[in-house]
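Here's a walk through one chain, question by question. Have the viewer open and follow along.

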Amino acid sequence: MAEPQSRPRAETRRRQLDRSRSGDSGMSAQIGHLSPTQATGMLHPWERRAAPIAAQEYEQRIERARVLMRARGVDALLVNAGASLRYFCGVPWGASERLVALLITGNGLPVMICPAFEAGSLEAVLKIQVEPRLWEEDEDPYARVAQAMKERGARTLALDPAAAFAIHHGLCEHLDARRICEAGGIIDGCRMCKSPAELALMQQACDMTLQVHRLAAGIACEGTTTAELVRFIDDAHRALGADAGSTFCIVQFGHATAFPHGVPGVQSLREGDLVLIDTGCSVQGYHSDITRTWIHGRADDEQRRIWDLEQAAQAAAFAAVRPGVSCESVDQAARRVLESAGLGPDYRLPGLPHRTGHGCGLSVHEAPYLVRGNASALQPGMCCSNEPMIVVPGRFGVRLEDHFHVTDEGARWFTPPSPAIDQPFV
């Protein structure tokens with residue numbers, strides 16, 4: 001957790017806590033009211049743990065992929081190591097220079113292409129039955145793919161869009177390149193709409209990250225550094241039981257908040273600084289991604305005006321969500337709020353420099369994307385971030401990011417949005 005405080009820092013915190021309790025500091029009761037020791041004492045393994053994905057659901061995913069393959073006239077689908085491999089068979093391995101991939105054909109068991117020396121490790125994590133095709137270090141794994149396709153009568157192959165070019169090149173040594181296509185429509189068609197079990201895992205991850213946000217705000221005081229908060233947030237996610245601490249963490253103060261993904265270097269918190277914290281974790285591979293922006297001390301008129309506009313834009317995007325509505329229309333709803341206040345237009349600053357949101361699930365960023373030009377219709381089960389950040393160049397930025405999932409009636413939040421610039425949490 002955070003390092004022991006020096007005597008001057010401890011005295012500063014004591015005075016801040018005293019002022020906060022007496023109500024004369026302008027400081028929210030949610031900010032700077034905890035010592036690191038108190039915050040650490042509030043961290044315990046999460047009790048309301050979501051159930052893992054059941055074996056039957058993995059089988060249903062394979063069948064869904066086959067339906068989409070047939071609709072596209074594709075005989076086989078090759079899924080590379082990474083988030084999509086985890087989605088279809090539970091194997092949580094990242095991609096490396098060695099081919100680990102799942103070949104799904106129109107019938108029969110899926111074929112797992114894997115280095116022979118990994119067979120035991122593979123068996124320990126697989127959630128479905130497969131036909132293993134193991135290859136030794138001096139053998140060509142792409143020949144295994146081609147042979148399995150030939151045996152199954154498969155001539156056309158859809159390749160995972162996340163696969164490296166080297167995989168495409170290796171396949172072309174054995175297959176006609178004209179019969180290899182990109183599998184984004186198939187894989188996204190499976191992964192975009194989340195099941196109740198997936199939503200439950202994402203809800204747990206979001207709940208955990210929101211609690212970490214609360215505690216991070218609680219320990220922030222004058223002189224606190226961005227590095228200290230990053231360490232605390234990572235340790236806190238671990239203590240609650242996330243897969244591996246924070247999957248990412250951005251902490252920025254003052255003018256650095258004007259950069260959507262921050263700037264390098266360590267900053268120290270000062271009175272009147274805006275604080276932007278963007279972080280998340282994963283639970284059984286499913287991600288959270290939440291941003292809070294709040295004031296340390298008293299906000300000036302411009303900080304409050306921009307924060308209130310950000311809140312209004314986020315609310316407008318949320319209200320625009322319903323099944324059948326295009327992804328781009330949600331982005332447009334947020335931008336209309338900002339443009340009516342004189343910001344933008346488009347991506348011009350001061351204004352919103354990026355899309356309004358992105359999908360989330362087994363990847364922090366995945367389809368669908370809430371951006372102009374994406375006419376895809378929203379469907380129940382889709383999960384997206386809602387983060388129409390406002391940047392005022394040279395001064396500050398405000399990003400409020402919460403995620404929602406689409407229901408038959410509209411959108412439903414995973415986490416309640418921030419009420420006010422000096423009250424980041426409900």
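Buried means under 20% relative accessible area, exposed means over 50%, and partly exposed is in between (1.4 Å probe, protein chains only). This is a predicted model: local features need pLDDT of at least 70, side-chain atom pairs count only at pLDDT 80 or more, and totals for chains, interfaces and linings use all residues. Residues are numbered from 1 along each chain as its sequence is written, and side-chain values use heavy atoms, with hydrogens and water left out.

Q: Is Pro115 buried or exposed, and what is its relative accessible area?
A: Start with where it sits: Pro115 lies in strand β3, residues 111–115 (strands are DSSP runs of E, at least two residues, and helices are runs of H or I, at least four, all numbered from the N terminus). Pro115 touches Arg98, Leu99, Val100, Leu134 and Trp135, leaving aside residues up to four places away in sequence (contact means heavy atoms within 4.5 Å). Pro115 counts as buried because its relative accessible area is 2%.

Q: How many Å separate the C-alpha atoms of Pro115 and Leu99?
A: Leu99 is among the residues that Pro115 touches. The two are 16 residues apart along the chain, and their C-alpha atoms are separated by 7.4 Å.

Q: Which residues does Ala148 touch, not counting residues up to four places away in sequence?
A: Ala148 belongs to helix α6, residues 141–152. Ala148 is at 1% relative accessibility, so it counts as buried. Beyond four places in sequence, its contacts are Leu103, Val111 and Arg133.

Q: What covers the buried residues of helix α8?
A: The helix runs over residues 184–191, and its buried residues are Gly184, Ile186, Ile187, Cys190 and Arg191. An α-helix has 3.6 residues a turn, so residues three or four places apart point the same way. The cover over the buried residues of α8 includes α3 (55–71), β1 (76–80), α4 (83–89), β5 (157–159), β6 (180–182) and β13 (366–370).

Q: How many residues of strand β17 are buried?
A: Take the two sides of β17 in turn. Asp402, Phe404 and Val406 point one way, His403 and His405 point the other way, and all are buried. For the strand, residues 402–406, that comes to 5 of its 5 residues.

Q: Which residue stands opposite Asp402 in β17?
A: Look to strand β14, residues 383–386, which runs antiparallel to β17 and is joined to it by 4 bridges (two strands pair if DSSP finds at least two bridges between them). The residue opposite Asp402 is Asn386.

Q: Which residue in the turn between β17 and β18 has a positive phi?
A: Strand β18, residues 411–413, runs antiparallel to β17, with 3 bridges joining them. In this pairing Val406 stands opposite Ala411. The two strands form a hairpin with 4 residues between them, and the turn residue with a positive phi, about 155°, is Gly410.

Q: Where is Pro350, and where is Pro368?
A: Both follow cis peptide bonds: Leu349 to Pro350 has omega near 0°, while Ala367 to Pro368 has omega of about 5°. Pro350 lies in the loop between α12 (327–340) and β12 (357–359). Pro368 is in strand β13.

Q: What is the relative accessible area of Asp346?
A: Asp346 sits in the loop between α12 and β12. Its phi is near 55°, a positive value in a residue other than glycine. Asp346 counts as partly exposed because its relative accessible area is 32%.

Q: What is the relative accessible area of Gln284?
A: Gln284 is in the loop between β9 (282–283) and β10 (286–287). Its phi is near 50°, again positive in a residue other than glycine. Gln284 counts as partly exposed, with a relative accessible area of 29%.

Q: What share of the residues of the chain count as buried?
A: The secondary structure of the chain comes to 12 helices and 18 strands. Among contacts with a separation of 6 or more, residues 24 or more positions apart account for 67%. Of the 426 residues, the share that count as buried is 53%.
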